[in-house]
Amino acid sequence: MEAIQHTTVKTNGINLHIAAVGTGPPVLLLHGFPEFWYSWRHQLIYLSSIGYRAIAPDLRGYGDSDAPPSADAYTTLHIVGDLVGLLDELGIEKVLLVGHDWGAIIAWYLCLFRPDRIKAAVILSVQFFPRNPTTPFVQAFKSVLGDQFYMVRFQQPGQAEEEFATVDIKKFFNDVMSNRDPRAPYLPGEVKFEGLPPPPPATWLTPEDIDVYADKFSRTGFTGGLNYYRAFNRTWELTAAWTKSEIRVPVKYIVGDLDLTYHFPGAQEYIHGDGFKRDVPGLEEVVVMKDTSHFINQERPNETNAHIHDFFKKFC
(Lines give C-alpha, C1' and ligand atoms only; values in the text may rest on other atoms or scores of the structure.)
Protein backbone atom coordinates (compact mmCIF):
# COMPACT_ATOMS: atom_id res chain seq x y z
CA MET A 1 0.00 0.00 0.00
CA GLU A 2 2.92 2.33 0.69
CA ALA A 3 3.85 2.20 -3.00
CA ILE A 4 0.53 3.69 -4.11
CA GLN A 5 0.96 7.29 -5.24
CA HIS A 6 -1.76 9.87 -4.64
CA THR A 7 -2.11 12.83 -6.96
CA THR A 8 -4.75 15.29 -8.16
CA VAL A 9 -5.58 15.80 -11.83
CA LYS A 10 -7.55 18.71 -13.28
CA THR A 11 -10.17 17.48 -15.73
CA ASN A 12 -13.50 18.67 -17.12
CA GLY A 13 -13.58 21.67 -14.78
CA ILE A 14 -12.97 19.74 -11.54
CA ASN A 15 -10.14 18.16 -9.57
CA LEU A 16 -10.00 14.36 -9.42
CA HIS A 17 -7.92 12.54 -6.84
CA ILE A 18 -6.28 9.38 -8.17
CA ALA A 19 -4.44 6.51 -6.54
CA ALA A 20 -1.99 4.85 -8.92
CA VAL A 21 0.84 2.35 -8.84
CA GLY A 22 2.96 0.37 -11.30
CA THR A 23 4.14 0.65 -14.87
CA GLY A 24 2.96 -1.05 -18.03
CA PRO A 25 -0.41 -1.22 -19.80
CA PRO A 26 -2.78 1.14 -17.96
CA VAL A 27 -5.86 -0.21 -16.16
CA LEU A 28 -8.56 2.23 -15.04
CA LEU A 29 -10.54 1.05 -11.99
CA LEU A 30 -13.95 2.66 -11.31
CA HIS A 31 -15.54 2.25 -7.86
CA GLY A 32 -19.20 2.27 -6.84
CA PHE A 33 -21.44 3.49 -3.99
CA PRO A 34 -20.64 3.99 -1.14
CA GLU A 35 -16.93 3.64 -1.86
CA PHE A 36 -13.83 5.41 -3.17
CA TRP A 37 -10.42 4.40 -4.54
CA TYR A 38 -9.73 2.21 -1.48
CA SER A 39 -12.17 -0.40 -2.78
CA TRP A 40 -9.53 -1.35 -5.36
CA ARG A 41 -6.67 -1.82 -2.87
CA HIS A 42 -6.28 -5.52 -3.73
CA GLN A 43 -6.38 -4.90 -7.47
CA LEU A 44 -3.96 -1.96 -7.33
CA ILE A 45 -1.33 -4.08 -5.61
CA TYR A 46 -1.90 -7.22 -7.67
CA LEU A 47 -2.05 -5.57 -11.09
CA SER A 48 1.04 -3.46 -10.43
CA SER A 49 2.92 -6.58 -9.29
CA ILE A 50 2.36 -8.33 -12.64
CA GLY A 51 3.24 -5.46 -14.94
CA TYR A 52 0.25 -3.13 -15.20
CA ARG A 53 -0.16 0.55 -14.39
CA ALA A 54 -3.21 0.52 -12.10
CA ILE A 55 -5.17 3.78 -11.72
CA ALA A 56 -8.11 4.19 -9.32
CA PRO A 57 -9.73 7.65 -9.19
CA ASP A 58 -12.10 8.91 -6.58
CA LEU A 59 -15.00 9.59 -8.93
CA ARG A 60 -16.65 13.01 -8.92
CA GLY A 61 -18.42 13.52 -5.60
CA TYR A 62 -16.33 10.99 -3.67
CA GLY A 63 -13.29 10.93 -1.44
CA ASP A 64 -10.76 13.65 -2.15
CA SER A 65 -12.20 14.61 -5.54
CA ASP A 66 -14.36 17.67 -6.10
CA ALA A 67 -18.07 17.32 -5.36
CA PRO A 68 -20.23 19.81 -7.28
CA PRO A 69 -23.35 20.53 -5.20
CA SER A 70 -26.02 20.11 -7.89
CA ALA A 71 -27.29 16.66 -8.85
CA ASP A 72 -27.47 17.96 -12.43
CA ALA A 73 -23.66 17.74 -12.51
CA TYR A 74 -23.64 13.94 -12.08
CA THR A 75 -25.01 12.55 -15.34
CA THR A 76 -23.02 9.83 -17.04
CA LEU A 77 -21.98 12.43 -19.61
CA HIS A 78 -20.29 14.42 -16.84
CA ILE A 79 -18.57 11.39 -15.32
CA VAL A 80 -17.39 9.99 -18.65
CA GLY A 81 -16.14 13.48 -19.52
CA ASP A 82 -14.10 13.48 -16.31
CA LEU A 83 -12.53 10.16 -17.23
CA VAL A 84 -11.73 11.05 -20.83
CA GLY A 85 -10.07 14.20 -19.54
CA LEU A 86 -8.19 12.13 -16.98
CA LEU A 87 -6.85 9.84 -19.70
CA ASP A 88 -5.81 12.88 -21.72
CA GLU A 89 -4.00 14.44 -18.75
CA LEU A 90 -2.17 11.17 -18.09
CA GLY A 91 -1.23 10.78 -21.76
CA ILE A 92 -3.17 7.53 -22.17
CA GLU A 93 -4.66 6.91 -25.60
CA LYS A 94 -6.36 3.58 -24.80
CA VAL A 95 -6.98 1.94 -21.47
CA LEU A 96 -8.06 -1.37 -20.02
CA LEU A 97 -11.19 -0.73 -17.97
CA VAL A 98 -12.68 -2.28 -14.82
CA GLY A 99 -15.87 -1.07 -13.14
CA HIS A 100 -17.98 -2.18 -10.19
CA ASP A 101 -21.47 -1.10 -9.07
CA TRP A 102 -21.93 2.56 -10.16
CA GLY A 103 -18.44 2.28 -11.59
CA ALA A 104 -19.81 -0.53 -13.76
CA ILE A 105 -22.61 1.73 -15.03
CA ILE A 106 -20.06 4.43 -15.82
CA ALA A 107 -17.84 1.83 -17.51
CA TRP A 108 -20.71 0.74 -19.76
CA TYR A 109 -21.30 4.35 -20.78
CA LEU A 110 -17.59 4.97 -21.33
CA CYS A 111 -17.58 1.99 -23.70
CA LEU A 112 -20.73 3.31 -25.36
CA PHE A 113 -19.63 6.94 -25.75
CA ARG A 114 -15.89 6.51 -26.38
CA PRO A 115 -15.05 2.99 -27.55
CA ASP A 116 -11.99 4.45 -29.24
CA ARG A 117 -10.41 4.93 -25.79
CA ILE A 118 -11.03 1.39 -24.46
CA LYS A 119 -9.03 -1.73 -25.31
CA ALA A 120 -11.20 -4.11 -23.30
CA ALA A 121 -13.37 -4.04 -20.17
CA VAL A 122 -14.08 -6.26 -17.19
CA ILE A 123 -17.36 -5.22 -15.61
CA LEU A 124 -18.40 -6.41 -12.18
CA SER A 125 -21.87 -6.76 -10.66
CA VAL A 126 -24.09 -4.47 -12.76
CA GLN A 127 -25.17 -5.61 -16.20
CA PHE A 128 -25.81 -3.16 -19.02
CA PHE A 129 -29.11 -1.25 -18.79
CA PRO A 130 -30.32 -0.59 -22.34
CA ARG A 131 -32.27 2.63 -22.69
CA ASN A 132 -36.04 2.16 -22.89
CA PRO A 133 -37.22 5.14 -24.97
CA THR A 134 -40.57 5.29 -23.13
CA THR A 135 -39.56 4.87 -19.48
CA PRO A 136 -36.85 6.73 -17.51
CA PHE A 137 -34.58 4.53 -15.41
CA VAL A 138 -35.87 5.43 -11.95
CA GLN A 139 -39.51 5.11 -13.01
CA ALA A 140 -38.74 1.65 -14.36
CA PHE A 141 -37.30 0.56 -11.00
CA LYS A 142 -40.19 2.18 -9.14
CA SER A 143 -42.81 0.38 -11.23
CA VAL A 144 -41.27 -2.99 -10.45
CA LEU A 145 -39.83 -2.55 -6.94
CA GLY A 146 -41.98 0.19 -5.40
CA ASP A 147 -41.59 3.55 -3.67
CA GLN A 148 -39.35 2.24 -0.88
CA PHE A 149 -36.73 0.73 -3.19
CA TYR A 150 -33.46 2.42 -2.26
CA MET A 151 -32.86 4.05 -5.66
CA VAL A 152 -36.31 5.62 -5.50
CA ARG A 153 -35.90 6.76 -1.90
CA PHE A 154 -32.58 8.40 -2.74
CA GLN A 155 -34.25 10.81 -5.21
CA GLN A 156 -35.38 13.45 -2.69
CA PRO A 157 -32.49 15.87 -1.98
CA GLY A 158 -31.62 16.07 1.70
CA GLN A 159 -33.84 13.24 2.89
CA ALA A 160 -31.32 10.41 2.69
CA GLU A 161 -28.59 12.72 3.99
CA GLU A 162 -30.63 13.37 7.14
CA GLU A 163 -31.09 9.65 7.64
CA PHE A 164 -27.41 8.88 7.07
CA ALA A 165 -26.54 11.54 9.65
CA THR A 166 -28.38 9.55 12.32
CA VAL A 167 -26.77 6.15 11.78
CA ASP A 168 -23.70 4.64 13.41
CA ILE A 169 -21.48 5.00 10.36
CA LYS A 170 -19.16 2.12 11.25
CA LYS A 171 -22.12 -0.18 11.78
CA PHE A 172 -23.60 1.05 8.49
CA PHE A 173 -20.52 0.08 6.51
CA ASN A 174 -20.23 -3.25 8.29
CA ASP A 175 -23.89 -4.07 7.63
CA VAL A 176 -23.94 -2.96 3.99
CA MET A 177 -20.70 -4.61 3.00
CA SER A 178 -21.34 -7.77 5.00
CA ASN A 179 -24.86 -8.25 3.64
CA ARG A 180 -25.29 -11.52 1.77
CA ASP A 181 -29.05 -11.45 1.36
CA PRO A 182 -29.74 -10.91 -2.36
CA ARG A 183 -33.18 -9.38 -1.88
CA ALA A 184 -33.51 -5.82 -3.13
CA PRO A 185 -32.82 -3.33 -0.31
CA TYR A 186 -35.70 -1.18 0.86
CA LEU A 187 -35.45 1.89 3.06
CA PRO A 188 -38.67 2.22 5.05
CA GLY A 189 -38.04 5.56 6.72
CA GLU A 190 -34.46 5.00 7.77
CA VAL A 191 -31.23 3.73 6.27
CA LYS A 192 -31.38 0.00 6.92
CA PHE A 193 -32.38 -3.17 5.16
CA GLU A 194 -36.05 -3.83 5.84
CA GLY A 195 -36.72 -7.03 7.74
CA LEU A 196 -33.14 -8.25 7.59
CA PRO A 197 -31.23 -9.01 10.77
CA PRO A 198 -27.78 -7.40 11.00
CA PRO A 199 -25.38 -9.70 9.16
CA PRO A 200 -22.31 -11.10 10.87
CA PRO A 201 -19.14 -9.20 9.94
CA ALA A 202 -17.75 -10.34 6.61
CA THR A 203 -14.56 -12.34 6.96
CA TRP A 204 -12.91 -10.23 4.27
CA LEU A 205 -13.76 -6.90 5.94
CA THR A 206 -11.36 -5.91 8.69
CA PRO A 207 -11.98 -3.33 11.43
CA GLU A 208 -9.29 -1.25 9.75
CA ASP A 209 -11.20 -1.36 6.46
CA ILE A 210 -14.38 -0.18 8.18
CA ASP A 211 -12.42 2.63 9.84
CA VAL A 212 -11.11 3.80 6.46
CA TYR A 213 -14.58 3.96 4.92
CA ALA A 214 -16.19 5.49 8.00
CA ASP A 215 -13.50 8.14 8.39
CA LYS A 216 -13.72 9.18 4.75
CA PHE A 217 -17.51 9.40 4.59
CA SER A 218 -17.70 11.09 7.98
CA ARG A 219 -15.71 13.87 6.39
CA THR A 220 -17.30 14.00 2.92
CA GLY A 221 -20.87 12.95 3.61
CA PHE A 222 -22.94 10.97 1.12
CA THR A 223 -24.43 13.68 -1.11
CA GLY A 224 -21.92 13.22 -3.93
CA GLY A 225 -22.70 9.52 -4.22
CA LEU A 226 -26.44 10.04 -3.85
CA ASN A 227 -26.36 12.54 -6.69
CA TYR A 228 -25.52 9.73 -9.14
CA TYR A 229 -28.95 8.25 -8.42
CA ARG A 230 -30.60 11.68 -8.61
CA ALA A 231 -29.09 12.31 -12.05
CA PHE A 232 -30.07 8.91 -13.45
CA ASN A 233 -33.26 10.15 -15.09
CA ARG A 234 -31.39 13.15 -16.48
CA THR A 235 -28.93 10.69 -18.02
CA TRP A 236 -31.92 8.96 -19.62
CA GLU A 237 -33.05 12.28 -21.12
CA LEU A 238 -29.61 13.19 -22.47
CA THR A 239 -28.78 9.80 -23.99
CA ALA A 240 -31.73 9.49 -26.37
CA ALA A 241 -29.32 9.59 -29.31
CA TRP A 242 -27.76 6.33 -28.08
CA THR A 243 -31.02 4.36 -27.93
CA LYS A 244 -30.38 0.88 -29.37
CA SER A 245 -26.66 1.62 -29.71
CA GLU A 246 -24.51 -1.45 -29.20
CA ILE A 247 -21.37 -1.92 -27.12
CA ARG A 248 -18.72 -3.57 -29.26
CA VAL A 249 -15.76 -3.18 -26.92
CA PRO A 250 -14.52 -6.64 -25.80
CA VAL A 251 -16.17 -7.28 -22.42
CA LYS A 252 -15.99 -9.86 -19.65
CA TYR A 253 -18.84 -9.65 -17.14
CA ILE A 254 -18.56 -11.08 -13.62
CA VAL A 255 -21.25 -11.24 -10.94
CA GLY A 256 -21.71 -13.04 -7.63
CA ASP A 257 -24.63 -15.43 -7.32
CA LEU A 258 -25.68 -13.62 -4.11
CA ASP A 259 -25.36 -10.13 -5.61
CA LEU A 260 -28.57 -8.13 -5.21
CA THR A 261 -28.21 -6.85 -8.80
CA TYR A 262 -28.21 -10.43 -10.08
CA HIS A 263 -31.59 -10.90 -8.37
CA PHE A 264 -33.31 -7.77 -9.68
CA PRO A 265 -36.49 -8.81 -11.54
CA GLY A 266 -35.53 -9.98 -15.03
CA ALA A 267 -31.77 -9.68 -14.50
CA GLN A 268 -30.85 -13.34 -14.87
CA GLU A 269 -33.13 -13.78 -17.86
CA TYR A 270 -31.41 -10.81 -19.51
CA ILE A 271 -27.88 -11.88 -18.63
CA HIS A 272 -28.24 -15.51 -19.67
CA GLY A 273 -30.76 -15.01 -22.46
CA ASP A 274 -30.38 -13.27 -25.81
CA GLY A 275 -30.74 -9.69 -24.57
CA PHE A 276 -27.29 -9.12 -23.08
CA LYS A 277 -25.39 -10.38 -26.11
CA ARG A 278 -27.73 -8.47 -28.43
CA ASP A 279 -27.02 -5.16 -26.67
CA VAL A 280 -23.34 -5.93 -26.05
CA PRO A 281 -22.02 -7.75 -29.14
CA GLY A 282 -18.53 -7.39 -27.66
CA LEU A 283 -19.50 -9.61 -24.71
CA GLU A 284 -17.04 -12.50 -24.68
CA GLU A 285 -17.53 -14.06 -21.24
CA VAL A 286 -20.08 -14.18 -18.43
CA VAL A 287 -18.85 -15.49 -15.08
CA VAL A 288 -21.12 -16.16 -12.09
CA MET A 289 -19.05 -16.61 -8.92
CA LYS A 290 -20.60 -19.01 -6.46
CA ASP A 291 -21.29 -18.02 -2.85
CA THR A 292 -20.28 -14.41 -3.58
CA SER A 293 -22.19 -11.23 -2.81
CA HIS A 294 -22.09 -7.67 -4.11
CA PHE A 295 -18.63 -6.34 -3.20
CA ILE A 296 -17.02 -8.98 -5.36
CA ASN A 297 -13.60 -7.39 -5.91
CA GLN A 298 -13.07 -7.12 -2.15
CA GLU A 299 -14.76 -10.34 -1.07
CA ARG A 300 -13.03 -12.51 -3.69
CA PRO A 301 -9.91 -10.52 -4.61
CA ASN A 302 -7.78 -13.46 -5.74
CA GLU A 303 -10.43 -14.89 -8.05
CA THR A 304 -11.38 -11.44 -9.36
CA ASN A 305 -7.74 -10.55 -10.01
CA ALA A 306 -7.17 -13.80 -11.89
CA HIS A 307 -10.24 -13.20 -14.06
CA ILE A 308 -9.12 -9.64 -14.84
CA HIS A 309 -5.61 -10.67 -15.82
CA ASP A 310 -6.76 -13.72 -17.77
CA PHE A 311 -8.95 -11.47 -19.93
CA PHE A 312 -6.66 -8.46 -20.27
CA LYS A 313 -3.53 -10.39 -21.23
CA LYS A 314 -5.14 -11.04 -24.61
CA PHE A 315 -5.09 -7.32 -25.35
CA CYS A 316 -1.59 -6.37 -24.20
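Colleague: Let me start with a detail: is Glu237 buried, partly exposed or exposed?

Modeller: Glu237 is partly exposed, as its relative accessible area is 45%. Keep in mind that this is a predicted model.

Colleague: Which residue does Glu237 form a salt bridge with?

Modeller: With Arg234; the closest N and O atoms of that pair are 2.7 Å apart. Both residues belong to helix H10 (residues 232–238), where they sit three residues apart, about one turn of the helix. Arg234 is partly exposed, with a relative accessible area of 37%.

Colleague: How many salt bridges does the count come to?

Modeller: The count comes to 21 salt bridges. One of them joins Lys216 and Asp64, with 3.1 Å between the closest N and O atoms. Lys216 is in helix H8 (residues 207–220) and Asp64 is in the loop between strand E4 (53–57) and helix H2 (76–90), so this pair ties together parts that are 152 residues apart in sequence.

Colleague: And are those two buried or exposed, or something in between?

Modeller: Lys216 counts as buried at 16% relative accessibility. Asp64 is partly exposed, at 38% relative accessible area.

Colleague: Which residues are linked in a network of salt bridges?

Modeller: Arg180, Asp291, Glu299 and Arg300 are linked that way. Within that group, the side chains of Arg300 and Asp291 meet at 3.7 Å, N to O. Arg300 counts as partly exposed at 21% relative accessibility. Asp291 counts as partly exposed too, at 44%.

Colleague: Why would such side chains pair up at all?

Modeller: Side chains of opposite charge can pair when their charged atoms come close.

Colleague: How far apart are the mean positions of the positive and negative charges of the chain?

Modeller: They are 5 Å apart, taking 29 positive and 38 negative charges.

Colleague: Let's zoom out. How many helices and strands are there?

Modeller: The chain has 14 helices and eight strands. Its radius of gyration is 18 Å, close to the 20 Å that the globule rule gives for 316 residues, so the chain is as compact as a globular protein of that length. Along the principal axes, the C-alpha atoms fill a box of roughly 50 × 45 × 40 Å.

Colleague: What share of the residues counts as buried?

Modeller: That share is 57% of the 316 residues. The accessible surface of the chain is about 12,800 Å², and carbon and sulfur atoms account for 52% of it.

Colleague: What about contacts along the sequence: what share joins residues at least 24 apart?

Modeller: Among contacts between residues at least 6 apart in sequence, it is 77%.

Colleague: Which helix is largely enclosed by the rest of the structure?

Modeller: Helix H9 (residues 223–230) is, because seven of its eight residues are buried. They are Gly224, Gly225, Leu226, Asn227, Tyr228, Tyr229 and Arg230.

Colleague: What do the buried residues of H9 pack against?

Modeller: They pack against several helices, including H2, H3 (102–113), H4 (137–145) and H10.

Colleague: Last topic: where does Gln43 lie?

Modeller: Gln43 lies in helix H1 (residues 41–49), and it is buried, with a relative accessible area of 0%. Leaving aside neighbours within four places in sequence, the contacts of Gln43 include Leu29, Asn297, Pro301 and Ile308.

How values were computed:
Residues numbered from 1 in each chain as written. Predicted model: local features only at pLDDT ≥ 70, side-chain atom pairs only at ≥ 80, totals over all residues. Heavy atoms only, no water. Salt bridge = Lys/Arg side-chain N within 4 Å of Asp/Glu carboxyl O. Helix = DSSP H or I, 4+ residues; strand = E, 2+ residues; numbered from the N terminus. Buried < 20%, exposed > 50% of the residue type's maximum accessible area, 1.4 Å probe, protein only. Rg over C-alpha atoms; globule rule 2.2 N^0.38 Å. Contact = heavy atoms within 4.5 Å. Areas by Shrake-Rupley, 256 points an atom, 1.4 Å probe, with all protein chains shown as cover. Lys, Arg positive; Asp, Glu negative; His and termini not counted. Charge placed at Lys NZ, Arg CZ, Asp CG, Glu CD.
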